[in-house]
Amino acid sequence: METRAGRTLRRNLHPGGRLSTVVPVRVVGHARNGLLLRMSAGSPAWCVDLPDGVHLRDIPPEGRPEGGYPLRAVRWYRDNALIHQPRDGLHAVGWLFTQDLRFDGWYVDLERRIRRGDHIDVIDLEPDLVVAPDRTWRWKDEESSAARTGHPAYWSEEAEAIRPRTRA
């Protein structure tokens, strides 16, 4: 599908098979190798309304309501990001910037994407990499991803294929 610069898309994050976050992203560039998107701090967004401020990742899939949790309107609370989504990759790379636009590192999200019109459904494959501006890095969500390995809501064939290659 042709996507021109300046167009706004909805980025829908689905950890564990359930919608958790919807954030508008602006197309910065579109090429044969993928999309370049901008996500801005303070943008209107929607997040799941969870009990006691718990993160969706902390609730086992079998403990979640059948239809998922309701969404509530919020402002995107994280920093600004420039995100490259390679066309055929099972990852995306984000360049992170603080609210005053200072470079704050990279975020490598292991994910599978499904594009439906103006929607990009992002299935989180866990774990992810967080890389500081000095290029030191750490795994994010490694413990929760190890605990969920094999659970059908979290681990697709793609995640199983990625996991061994990401281990040092």
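# Getting to know this predicted model

Colleague: Buried or exposed: which is Trp106?

Modeller: The relative accessible area of Trp106 is 19%. Buried means under 20% relative accessible area and exposed means over 50%, with partly exposed in between (1.4 Å probe, protein chains only). So, with its 19%, Trp106 is buried.

Colleague: Before we go on, from which number are residues counted along each chain?

Modeller: This is a predicted model, where local features need pLDDT of at least 70 and side-chain atom pairs count only at pLDDT 80 or more, while totals for chains, interfaces and linings use all residues. Side-chain values use heavy atoms, leaving out hydrogens and water, and residues along each chain, as its sequence is written, are numbered from 1.

Colleague: What do we call the pair of Phe97 and Phe103?

Modeller: Phe97 is partly exposed at 24% relative accessible area, and Phe103 is partly exposed at 32%. Their ring centres are 5.7 Å apart and their planes meet at 65°. That angle is why the pair is called edge-to-face.

Colleague: Which residues form one aromatic cluster?

Modeller: Phe103 also pairs with Trp106, with ring centres 4.9 Å apart and planes at 70°, so this pair is edge-to-face. The aromatic cluster is made of Phe97, Phe103 and Trp106.

Colleague: Which residues touch the most other members of the largest nonpolar core?

Modeller: A nonpolar core is a set of buried Ala, Val, Leu, Ile, Met, Phe, Trp, Tyr and Cys residues joined through side-chain atoms within 4.5 Å. The largest one here has 16 residues. Strands S2 (21–31), S3 (34–39), S4 (44–48), S6 (80–86) and S9 (119–124) each supply at least two of its residues, strands being DSSP runs (E, at least two residues; helices are H or I, at least four), numbered from the N terminus. The members touching the most others are Leu9, Leu35, Leu37, Met39, Ile83 and Ile120.

Colleague: How many residues make up the second, separate core?

Modeller: Among the members of this second core are Val48, Leu50, Ile59 and Tyr69. Its residue count is 5.

Colleague: Which residues does Ala81 touch, not counting those up to four places away in sequence?

Modeller: Ala81 is found in strand S6, and its relative accessible area of 7% is why Ala81 counts as buried. Contact means heavy atoms within 4.5 Å. Beyond those sequence neighbours, Ala81 touches Leu37, Arg38, Met39, Trp95 and Leu96.

Colleague: How many residues apart in sequence are the parts that Glu111 and Arg11 tie together?

Modeller: A salt bridge is a side-chain nitrogen of Lys or Arg within 4 Å of a carboxyl oxygen of Asp or Glu. Glu111 and Arg11 form one, with their closest N and O atoms 3.6 Å apart. Because Glu111 lies in strand S8 and Arg11 in strand S1, the separation in sequence is 100 residues.

Colleague: What is the distance between the closest N and O atoms of Arg11 and Asp109?

Modeller: Arg11 belongs to strand S1 (residues 8–15) and Asp109 to strand S8 (residues 103–116), 98 residues apart. Both residues are buried. In their salt bridge, the closest N and O atoms are separated by 3.7 Å.

Colleague: Which residues do salt bridges with shared partners join into one network?

Modeller: The count of salt bridges is 7, including the one between Arg116 and Asp121 (2.7 Å, N to O). Salt bridges that share partners build one network, joining Arg11, Asp109, Glu111 and Arg113.

Colleague: Which residue in the turn of the S10 and S11 hairpin has a positive phi?

Modeller: Two strands pair if DSSP finds at least two bridges between them. S10 (residues 128–131) and S11 (residues 137–140) run antiparallel, joined by 4 bridges, with Leu129 partnered by Trp139 in S11. The hairpin has 5 residues between its strands, and the turn residue with a positive phi, about 75°, is Arg135.

Technical notes
Phe/Tyr/Trp six-rings, centres within 6.5 Å; stacked < 30°, edge-to-face > 60°.
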